[in-house]
Amino acid sequence: MQNDSLWQAVLGEIELSVSRGSFITWFKNTELVKSDAAVAVIGVPNVFIKEQLEHKFSGLISDVLGKNGVKPKAIEYKISSVVSTKPVYDDPVIFGEKAAEIEEEHVVKTANGSSLSHSYRQGLNERYTFENFVVGASNELAFAACQSIAQNPGMKYNPLFLYGGVGIGKTHLIQAVGNDLTATQPGLRILYISTEQFVQEFVDALRFRKTADFASYYRSADILIVDDIQFIAGKEKIQEEFFHTFNALYQANKQIIISSDKPPKDIPTLEERLKSRFTWGMSIDMQTPDFETRCAIIQAKSLDHQVTLSHEVVEYLSTNIPTNVRELEGALNQLLAFCEVRSLEPSLSVATSLLGTTKTRPKHLSAKQIIERTSRHFQVPIEDMVGPKRDKDIVVPRQIAMYMLRSELHLSFPKIARELGRKDHTTAIHSVDKIEKLSRLDPGLRQTIADIKERLYA
Ligand code: ADP
Ligand code: MG
């Protein structure tokens, strides 16, 4: 069969299994560029559609292609200029009631006349679940709060404000709440939106004088999840809009979940009234995962690829990529792909040669370095750190050093005690425990630990 007629057949079938809105938005201007035993290449007009087809409809496309006798090993999506010059769907902007008819998926025209696929879909990615989230000291509080919300949305912790550095699992967790609730309470209206998308939609709504519809759309959510709220900084009109959305939902006991890369007080030009509202419920500072958690994450992710890595490789990766899980995942994927293509075992030497030459630094942290770094941070002489003095300004740095020996090197308690000149290992147990507990409550202490870590790995 010719690609064209084959694709028409496929589209005909797809049209029956998705909503009209979905079909028009995602499939209408696609074509089959190529198909053979190895690969089917589908041409799509833009990157939004490419992503959507890849993430949401790949299974369906592959099934329907299969039914039509095409079973390639892979399906690829390519942005194809031929397709993008074709006229695009040009229904007017649709918000509100009519939007419901096409299942919350819209196509809006941008100012330059090109068409931008735009959807008020739930925005959830099934890949993010509670089950595949690795819990450790750095994120257990956030994890527990999110689980509790998934069980009882709108009751406790409203709003939940989750903040922390890049790539530490904020999006993962807040999406997991949405996915969990989608499964357990399918009747709920759960909306996940990135702040950038929220801003874009609001700007479009202004342009098309559809702000009332925009407002009613978001205010009718049962659960509203807004990711990366820091991007609302400096945007007055949107802050105003979000303020009203927030109030409407809050008053109706609807759950609001917000993530940010910094706490509300540090978001520049964020209106006071929003700042205060963001802290009405529960704010949680998510930490970069400790060494142990990083190892557990690598182990879990490599198992997803059906690979069991040796301890030394796991430790190598955790040591070299200390702060960002996304980068950690990236390095792991790079390693596994490299080994697969060359039929190599993912050994330490492969990992070192592959990653050592790129952005990571092969550096094996020692106990001595941790103690030195900590003593320098507090300007306490090393002799005092490992000596007998019990003054508070020495005891606390010493306890922090012990904590870091545990979290970063996973040393045994007797060894930690020895490193700091203590005879009794219960001192090490108490110290580590104490700092662990304190750091949960004291953002200043967490920052101190983060600063020391940052220097250690720099
Ligand atoms: P953030 O939103 O904080 O920048 P993400 O949630 O996007 O970070 O996380 C980056 C990547 O790391 C995602 O692929 C996510 O699944 C993964 N990840 C982060 N933390 C964990 C964890 N504790 N367990 C499993 N995967 C994690
Ligand atoms: Mg994120």
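A nonpolar core is a set of buried Ala, Val, Leu, Ile, Met, Phe, Trp, Tyr and Cys residues joined through side-chain atoms within 4.5 Å. Keep that in mind for the views below, which come from a predicted model.

**View 1. Here is the largest nonpolar core, with 27 residues.** Tyr 218, Leu 224, Ile 229, Phe 242, Ile 258 and Phe 278 touch the most other members. Several helices and strands supply at least two residues each, among them strand S6 (160-163), helix H8 (195-207) and helix H9 (211-219). Helix H10 gives the most, with five residues.

**View 2. Let's zoom in on Phe 278 and its contacts.** Leaving aside neighbours within four places in sequence, Phe 278 is in contact with residues including Pro 159, Phe 161, Phe 242 and Ser 283. A second, separate core of 26 residues includes Tyr 403, Met 404, Leu 445 and Ile 449.

**View 3. Phe 198 meets Tyr 218 as one of the aromatic pairs, of which the whole structure has 16.** Their ring centres are 5.1 Å apart and their planes lie at 65°, so the pair is edge-to-face. Phe 198 sits in helix H8 and Tyr 218 in helix H9, 20 residues apart. With relative accessibility under 20% counting as buried, Phe 198 qualifies at 1% and Tyr 218 at 3%.

**View 4. Phe 198 also pairs edge-to-face with Phe 242.** The distance is 5.7 Å centre to centre, with 85° between the planes. This pair joins helix H8 to helix H10 across 44 residues.

**View 5. Two arginines sit over aromatic rings.** Arg 273 lies over the face of Phe 243, 3.7 Å from the ring centre. The charged end of Arg 406 is over the ring of Phe 413, 4.1 Å from its centre.

Definitions and conventions: Residues are numbered from 1 along each chain as its sequence is written. Chains are lettered from A and ligands numbered from 1 in the order in which they are written. This is a predicted model: local features need pLDDT of at least 70, side-chain atom pairs count only at pLDDT 80 or more; totals for chains, interfaces and linings use all residues. Side-chain values use heavy atoms; hydrogens and water are left out. Buried means under 20% relative accessible area, exposed over 50%, partly exposed in between (1.4 Å probe, protein chains only). Helices (H or I, at least four residues) and strands (E, at least two) are DSSP runs, numbered from the N terminus. Contact means heavy atoms within 4.5 Å. Rings of Phe, Tyr and Trp (its six-membered ring) pair if their centres lie within 6.5 Å; planes under 30 degrees apart count as stacked, over 60 as edge-to-face and the rest as tilted. A charge sits over a ring if NZ of Lys or CZ of Arg is within 6 Å of the ring centre and within 35 degrees of the ring normal.
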